[in-house]
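This report describes how one protein fold is put together, element by element. Please keep the sequence and the 3D view at hand while reading.

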Amino acid sequence: MKHFKSITVFSLFLMVFVACQKDNDYNQEIDDNAIESLSQDVSLEVTDDIIRLLKSNNYNVGDTKVVDFMLPDGSTEKRIQVEGDITFSKEQLESLKKIESSTEKNYHTNNLVSPRTLTIIGYTGGSQALSTKERTALQYAVDNYNRLNLSISLSLTFGTNYSNRDMVVYYNPSGSGSGGSAGFPSNGNPNKFIQIYGLDNYTTDVNEHVITHEIGHSVGFRHTDWQTRQSCGQNTNEGTAGVGANPIPGTPEGYDPTSLMLACFSANEDGEFNANDIIGLNYLY
């Protein structure tokens, strides 16, 4: 049985943070006044301006909503969620607007991570702590990236002091369904917060799959099946606005049934990249 990855995004197609693309389901544009009004709005809600902004940046807005995004310390903040597993804070929406209004748009590099060693921490505190199985899965996920000798590498630790880490992976006890959630990179930095939830009854390999997938979103990948969400049993195009989903040379543009970056996952995942995923990672990093 297929399960929606509330995992917030990953694919062999680049997500473009500028005139961009993301991976689960939302898209639109915005005017100059909207930029100011969003920054002044204390509450965060789905408005026509936000929908236009997301659409203009090639997100699928079919299920855009406000969620209480839990942070590792158990506190929550309001975020806009799209495509099932991609979230935006108010500050990230503001950054998206600035990019959207810029005349200098680079559809490949502005939403990637600057080459370097990225620090990632598995959270071990309180009710947001990763279980033993989840910690093992996180180690496997990090190994998936590091064994490829990319221009980015991951340095993993475990603990509770995540303030100076590039990424933190933690458990959300309030998560609905099974999967994960993340965001896309900005300003050359990866998305910081990666949640997983509802995976207790799944194997270590499935946990590894979900975590690797969410890290993929965090370094700039969108869903492989963004055109159809076929892995979820759907026929829904997440949207590209004509420029957003840039196919990576050497990878198929059609459905790739074993890609780790598919929108949804099964209970039989092995947690490993397929050959096309590896081509995509090596092309970008």
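Which residues have the most contacts inside the largest nonpolar core?

## The nonpolar cores

The largest nonpolar core has 36 residues, and those with the most contacts inside it are Ile-120, Leu-138, Leu-154, Ile-215 and Tyr-285. At least two residues of this core come from each of strand 6, helix 4, strand 7, strand 8, strand 10, helix 5 and helix 6 (275-284), and helix 4 gives the most, with 5 residues. Here a nonpolar core is a set of buried Ala, Val, Leu, Ile, Met, Phe, Trp, Tyr and Cys residues joined through side-chain atoms within 4.5 Å, where buried means under 20% relative accessible area, exposed over 50% and partly exposed in between, with a 1.4 Å probe and protein chains only. Helices (H or I, at least four residues) and strands (E, at least two) are DSSP runs, numbered from the N terminus.

Leu-154 is in contact (heavy atoms within 4.5 Å) with Leu-118, Ile-120, Val-142, Tyr-145, Asn-146, Met-167 and Ile-215, leaving aside its neighbours within four places in sequence. A second, separate core of 13 residues includes Leu-53, Tyr-59, Ile-86 and Leu-93.

## Basis of the model

This is a predicted model, in which local features need pLDDT of at least 70 and side-chain atom pairs count only at pLDDT 80 or more, whereas totals for chains, interfaces and linings use all residues. Residues are numbered from 1 along each chain as its sequence is written, and side-chain values use heavy atoms, with hydrogens and water left out.

## The sheet and its helices

Five strands form an open sheet of mixed pairing in the order 7-6-8-10-9. Strand 7 (153-159) and strand 9 (179-181) stand at the edges with a single partner strand each, so one side of each has no neighbour in the sheet. The twist averages 20° from one strand to the next, with axes taken as lines fitted to C-alpha atoms, for helices over the stretch in contact, and angles running from 0 to 180 degrees between N-to-C directions. Strand 6 (residues 117-123) and strand 8 (residues 167-171) run parallel and are joined by 3 bridges, two strands being paired if DSSP finds at least two bridges between them; Ile-121 has Val-168 in strand 8 as its bridge partner.

Helix 4 (residues 132-146) packs on the sheet, where it touches strand 6, strand 7, strand 8 and strand 10 (193-197), and its direction makes about 165° with that of strand 7. Helix 5 lies across strand 6, strand 7, strand 8, strand 9 and strand 10, running at about 155° to strand 10. Because 13 of its 15 residues are buried, helix 5 is largely enclosed by the rest of the structure. Helix 5 is followed by Gly-220, whose phi is positive, near 115°.

## Two buried loop residues

His-223 is placed in the loop between strand 11 (221-222) and strand 12 (246-247), and at 0% relative accessibility this residue counts as buried. The side chain of His-223 makes polar contacts with the side chains of His-213, at 3.5 Å, and of His-217, at 3.3 Å. A polar contact is a pair of N or O atoms within 3.5 Å; within protein, one must be able to donate a hydrogen and the other to accept it, and residues adjacent in sequence count only if both atoms are side-chain atoms.

Asn-172, in the loop between strand 8 and strand 9, is buried with a relative accessible area of 7%. Its side chain joins that of Gln-195 through a polar contact of 3.1 Å.
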